[in-house]
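Reader: Before I rely on any label in your description, I would like to see each one set against its definition. Could we go through them in turn?

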Amino acid sequence: MASQHDAGGKQPDQSLEESQQDASIRRAQGEFVRGVSGFRAVLGKDPDFPPEPGRYHLFVALNCPWCHRVTLARAILGLEKSITMDVAFPNRTDEVDPQGPNLWQFAPDRIASLTGAPLPECTWETATGQNLRLVRDLYLAEGSEEKSVPILFDKQSRRIVTNESAEIVRMLNAQAGALGSVLSDDERPDLYPDARAEEIDRLNEKIYTGINNGAYKAGFSSDQGVYEAAFQTYFDTLNELENCLSQGHPYLTGDRFTEADLRLFPTLYRHDPVYYIRMKLNGARILDYPHLWRWLCRVHALPGVAASGSLIHCKQGYFGRSWNGTIPIGPVHPMTYPEAYGHPELASS
Ligand SMILES: N[C@@H](CCC(=O)N[C@@H](CS)C(=O)NCC(=O)O)C(=O)O
């Protein structure tokens with residue numbers, strides 16, 4: 001049942017974002033500290049960005065879990081026809097690039113070391129009419145030094161609306177009808193129903209801190225203490241979510257798929273095939289949590305979900321420029337991934 005929210009809907013609580021206090025000192029001490037998105041207009045609320053079918057565009061990378069939130073919402077809300085999308089190559093520029101390293105680039109002709117071929121999902125930049133090479137160029141056009149994905153872009157004014165995934169998900173949910181969703185109001189899920197809003201906010205905070213950003217805190221921190229604390233919080237939170245799903249309801253807040261499920265999925269989808277080794281989160285596999293595994297398979301089976309992500313892009317992105325350039329191809333037992341997500345019965349009973 002589609003959302004009945006006011007223009008733009010209630011935006012996510014910004015206090016959820018990583019505290020920037022002493023960020024540079026903490027980074028120097030080996031803690032991974034995520035930056036804050038600078039473009040925060042709200043589609044439907046901001047008069048410059050009225051909701052119109054075919055007017056908006058997404059720039060994403062399929063290995064990025066924050067982008068995965070947005071590609072999931074676009075698919076589940078039936079917006080794949082009315083919101084166009086470009087996909088950057090999973091590996092960012094390296095040291096020899098004339099524009100510098102660590103920049104997302106549009107390179108559909110580039111060979112992926114994992115497959116030995118170009119990646120069919122990758123695109124050129126098709127929204128500005130300038131065929132820009134780098135995501136950074138979109139920000140430079142607005143005088144900004146930022147360089148992150150995802151970006152929600154207005155093709156009419158050629159301006160960035162927002163680069164904050166949590167808010168993009170919320171505004172797509174609130175404006176799906178006006179944006180030209182192919183699903184009727186009855187068919188379309190409401191990802192943020194008023195009756196569940198408080199519970200969703202509570203779960204979002206726990207899942208963001210312990211799981212979504214927690215995985216990076218563990219995998220990208222170079223301080224043993226910070227890593228071990230993040231590792232512990234990550235698996236404590238998985239245990240809590242396993243208990244929550246052992247109550248018999250199919251989704252985190254009950255019978256309906258909501259934003260809380262959408263925000264948990266990108267991390268658990270990456271856990272066994274990527275994060276288990278890349279983020280040193282080798283305490284257990286999701287396969288070892290029967291209720292979480294069945295939930296993961298249940299969400300993966302929802303219309304549009306499987307095509308909204310790619311483990312090939314994830315592996316190429318997370319391993320392609322490190323690990324001596326070789327990319328781990330497992331797991332293969334009990335089955336390869338993502339094929340295993342089609343088998344809820346694999347869960348250890
Ligand atoms: N808070 C942002 C975080 C986005 C983010 O950190 N994206 C990463 C890719 S996984 C990125 O592009 N980082 C590059 C950078 O920030 O320079 C969101 O959720 O949209």
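Reader: Which domains does the domain assignment of the protein give?

Author: The assignment gives domain 1 (34-179) and domain 2 (194-303 + 334-346), with bounds that come from an automatic or database domain assignment. This is a predicted model, in which local features need pLDDT of at least 70 and side-chain atom pairs count only at pLDDT 80 or more, while totals for chains, interfaces and linings use all residues. Residues are numbered from 1 along each chain as its sequence is written, and side-chain values use heavy atoms, with hydrogens and water left out.

Reader: What makes the contact between domain 1 and domain 2, and how many residues does it take from each?

Author: Contact means heavy atoms within 4.5 Å, and here it takes 14 residues from domain 1 and 16 residues from domain 2. Between them the domains bury about 1,300 Å², 58% of it on carbon and sulfur atoms, where buried area is the accessible area (1.4 Å probe) that two parts lose on being put together, summed over both. In domain 1, Arg-34, Pro-65 and Arg-69 lose the most area to domain 2, together 36% of what that side buries.

Reader: Why is the pair Arg-170 and Glu-259 called a salt bridge?

Author: The term requires a side-chain nitrogen of Lys or Arg within 4 Å of a carboxyl oxygen of Asp or Glu; the closest N and O atoms of Arg-170 and Glu-259 are 2.6 Å apart, so the pair qualifies. The count between domain 1 and domain 2 is two salt bridges.

Reader: How do you know that Asn-173 is buried or exposed?

Author: Buried means under 20% relative accessible area, exposed over 50%, and partly exposed in between (1.4 Å probe, protein chains only). Asn-173 has a relative accessible area of 2%, and is therefore buried. Asn-173 lies in helix H4, helices (H or I, at least four residues) and strands (E, at least two) being DSSP runs numbered from the N terminus.

Reader: Why is helix H9 described as largely enclosed?

Author: Seven of the nine residues of H9 (residues 311-319) are buried, so the helix is largely enclosed by the rest of the structure. Among the buried residues are Leu-311, Lys-315 and Phe-319. The buried residues of H9 pack against H2, strand E2 (84-87), strand E3 (111-112), helix H5 (197-220) and helix H7 (259-278).

Reader: What caps the N-terminal end of H9?

Author: Ser-310 does, with a side-chain oxygen 3.3 Å from the backbone nitrogen of Ile-312.

Notes:
Polar contact = N/O pair within 3.5 Å; in protein donor to acceptor, adjacent residues only side chain to side chain.
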